Amino acid sequence: MDVIWDAIRDAIRLLAGGDQQTYEIIWLSLRVSVSATAIAFALGLPLGMLLAFGRFRGRWPVLALVNTGMGLPPVVVGLVVTVLLWRSGPLGDLGLLFTPTAMVIAQASIGAPLVAGLSAAALQHVDPDFRVQMQAIGASPARALWEVAVEARLPLIAAGMAAFGALISEVGAAMMVGGNIAGETRVLTTAAVLEASRGEFALAVALGLILLTVAFTVNLALTTLQQRGRP
Amino acid sequence: MPHSSVLVQKRSVSRLVAITSSILVVGLAGCGEGESGGKGSLIVATTTSTRDSGLLDVLIPAFEQDSGIEVKTLAVGSGEALELGERGEADVLLVHSPAAEEELMATGKAGQRRLVMHNDFVVVGPAGDPARIAGKPVAEAFAGVADAEASFVSRGDDSGTHSAELGFWEDAGVQPGGGWYSETGQGMGATLRVADERSAYTLADRGTYLAQPGELEILVEGDPDLLNVYHVIDMTAKAGDRVNVDGAFSFADWIVSTEAQELIGAFGKDEYGRALFTPDAGKTEAQVEAAA
């Protein structure tokens with residue numbers, strides 16, 4: 001149990017004491033995971049709309065596939081992205097392996113099905129008559145779709161929070177495609193794994209506590225946005 | 001997003017548009033930042049033992065400062081490091097798995113293999129020493145552990161330490177396996193901790209053992225077989241078109257230079273009261289063994 005007390009002390013020391021390295025790691029974690037969540041949202045929401053309202057053959061199997069993708073193991077995604085980005089791989093010319101961009105690509109791939117699956121469910125939950133009524137009062141189909149999204153903003157923002165939570169806390173893909181290189185691709189989760197493997201348990205737990213603090217701050221902002229104007 | 005002039009909830013729409021686009025801007029900004037020299041940089045693949053002991057934190061910044069080359073260090077098991085080298089995904093290797101290194105050299109894809117330094121392995125175990133191996137030569141000690149079926153924790157990760165361990169079982173004439181033998185598949189630090197928790201024996205490099213306080217004690221040391229020798233191997237264009245051949249050669253040259261060798265020789269004296277590695281550049285393996 002000493003480890004937990006030491007961890008709390010370490011976390012406060014790292015956060016309040018102005019430890020440059022810790023700030024850099026926090027900033028990189030945020031940059032990578034927020035970017036990846038944004039891209040996952042930009043890809044996942046249209047796909048979710050298509051799955052919710054599109055009428056095409058094979059919609060159910062695709063939906064099932066997306067829902068399966070909600071549980072993609074990060075380490076598998078990381079491995080596939082690594083092989084694609086290898087110097088000898090098809091995208092090797094880009095020289096992206098072991099960079100933050102590679103981490104964003106991998107995390108966005110993990111997050112997109114999550115956003116798509118959750119947003120399809122959120123959009124389908126809106127009364128189907130709503131979209132019909134919108135079009136009846138003169139809204140274009142695209143506009144009506146947008147209004148449905150606005151109507152479903154609470155669960156959609158929740159989908160964003162779920163994706164962000166999954167991405168900032170994943171370690172498999174970040175480790176695999178980033179390489180946990182100090183000062184370049186070391187994020188909170190990979191740093192925690194490293195410290196644990198070095199036997200620095202208190203420091204590892206402290207990094208975990210910092211991760212939770214960061215996630216809480218982001219979610220507090222999103223929740224404020226989500227709950228605005230509600231009692 | 002498409003806009004038409006319907007006046008339904010116009011405010012929330014523009015708000016959402018604003019939010020979404022600002023998220024995307026943040027997202028894309030995050031993408032572009034901090035990509036300095038993805039192509040020109042040098043990838044050094046090395047073992048977890050050099051990282052976990054802290055040696056890399058001393059050597060890499062010194063090399064970067066001397067050469068102006070930006071280094072990406074991957075600390076992985078020797079098996080993975082050698083594989084990355086052979087595929088041309090890493091430019092230069094600092095590894096300790098002699099048999100596997102010679103296999104890599106035989107492919108002709110590597111430049112030179114140069115001796116850098118050594119430390120030694122130690123057999124550690126619980127203070128009670130249930131298999132009574134203290135002070136024995138390493139092969140006898142391993143045979144003793146197997147005879148007593150005392151718990152032994154193996155790295156099991158194809159690392160240099162793991163291949164050394166497998167060699168000792170062979171020397172002892174034992175096929176390890178069964179309830180007393182377990183594999184962690186993890187690095188040295190993690191494996192030492194598992195062994196500690198289970199009061200089991202394990203093979204460790206001295207550096208990581210010293211860096212990680214625990215209950216286990218050194219039971220076997222000083223046997224010439226326990227030498228843990230590190231070589232640097234620079235990869236060539238034969239391993240892949242994108243290998244940073246010049247950078248790899250500079251690094252290999254630098255790590256056997258007087259300056260780097262002095263850094264290696266001094267490393268650990270402040271913290272542990274003794275050096276963790278012995279610099280060996282220019283020596284032959286026979287000389288290193290004779291000195292030990």
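# A tour of two chains

Start in chain B: helices H4(B) and H5(B) are roughly parallel to each other, because the angle between them falls under 35 degrees. The model on your screen is predicted.

**Stop 1: the helix pair in chain B**

Select residues 78-86 of chain B for helix H4, then residues 98-106 for helix H5. Their axes come within 10 Å of each other. The crossing angle is roughly 5°. Now show the side chains where the two helices meet. H4(B) brings B:Ser78, B:Gly79, B:Leu82, B:Gly85 and B:Glu86 to the contact. H5(B) brings B:Ala100, B:Glu101 and B:Leu104. Colour these residues by type: 3 are nonpolar, 3 are polar and 2 are charged.

**Stop 2**

Which of its residues are buried? Select B:Pro98, B:Glu101 and B:Leu104. Turn the view until you look down the axis of H5(B). The buried residues fall within an arc of 115°, so they line one face of the helix.

What do these buried residues pack against? Bring up H4, strand E3 (92-95), strand E4 (110-125) and strand E9 (227-235) of chain B.

Next, look at the face of H5(B) turned away from the buried side. There you find the exposed residues B:Ala99, B:Glu102, B:Glu103 and B:Ala106. Then follow the chain past the end of the helix. B:Gly108 comes after H5(B), and its phi is positive, near 80°.

**Stop 3: a loop in chain B**

Select B:Arg132. It lies in the loop between E4 and helix H6 (138-148) of chain B.

**Stop 4**

The chain has 292 residues, and 44% of them count as buried. Consider the contacts between residues at least 6 apart in sequence. In chain B, 74% of them join residues at least 24 apart.

Now colour chain B by pLDDT. The average is 85, and 86% of the residues score at least 70. Select residues 1-10 of chain B: here the pLDDT is below 50. Beyond near neighbours in sequence, this stretch has 15 contacts in the model. Then select residues 29-39 of chain B, where pLDDT also stays under 50. The model has 18 contacts for that stretch beyond four places in sequence.

**Stop 5: across to chain A**

How many helices and strands does chain A have? There are 11 helices and 0 strands. Walk along the sequence and the pattern reads α-α-α-α-α-α-α-α-α-α-α. Along its principal axes, the C-alpha trace of chain A spans about 65 × 55 × 25 Å. Of its 231 residues, 46% count as buried. For contacts in chain A with a separation of 6 or more, residues 24 or more positions apart account for 76%.

**Stop 6: A:Ala163**

Select residues 153-168 of chain A, which form helix H8, and pick out A:Ala163. This residue is buried, with 29 other C-beta atoms within 10 Å; the cut-off is 20 or more. What does A:Ala163 contact, leaving aside its neighbours within four places in sequence? Show A:Thr37, A:Ala40, A:Gly111, A:Leu114 and A:Val115. Then draw a distance to A:Ala108, which is 55 residues away along the chain. The C-alpha atoms of A:Ala163 and A:Ala108 are separated by 9.2 Å.

**Stop 7: A:Gln124**

Move to A:Gln124, in helix H5 (residues 100-124) of chain A. A:Gln124 is partly exposed, with 15 other C-beta atoms within 10 Å. Draw a distance from A:Gln124 to A:Ala173. The two are 49 residues apart in sequence and 31 Å apart in space, C-alpha to C-alpha.

**Stop 8: A:Asn180**

Finish in the loop between helix H9 (172-178) and helix H10 (188-197) of chain A, where A:Asn180 lies. A:Asn180 is not a glycine, yet its phi is positive, about 55°. Is A:Asn180 buried or exposed? It counts as buried, with 22 C-beta neighbours inside 10 Å.

Last, check the scores for the model: ipTM is 0.71 and pTM is 0.78.

Notes. Residues are numbered from 1 along each chain as its sequence is written. Chains are lettered from A and ligands numbered from 1 in the order in which they are written. pLDDT is the predictor's confidence in each residue, from 0 to 100. Two residues are in contact if their C-beta atoms, placed from the backbone, lie within 7 Å. Axes are lines fitted to C-alpha atoms, for helices over the stretch in contact, and angles run from 0 to 180 degrees between N-to-C directions. Helices (H or I, at least four residues) and strands (E, at least two) are DSSP runs, numbered from the N terminus. Angles under 35 degrees count as roughly parallel, over 145 as roughly antiparallel, 65 to 115 as roughly perpendicular and the rest as oblique. Ala, Val, Leu, Ile, Met, Phe, Trp, Tyr, Cys and Pro count as nonpolar, Asp, Glu, Lys and Arg as charged, and the others, Gly among them, as polar. A residue is buried if 20 or more other C-beta atoms lie within 10 Å of its own, exposed if 12 or fewer, and partly exposed in between; C-beta atoms are placed from the backbone. The arc is that of the directions from the helix axis to the C-beta atoms.
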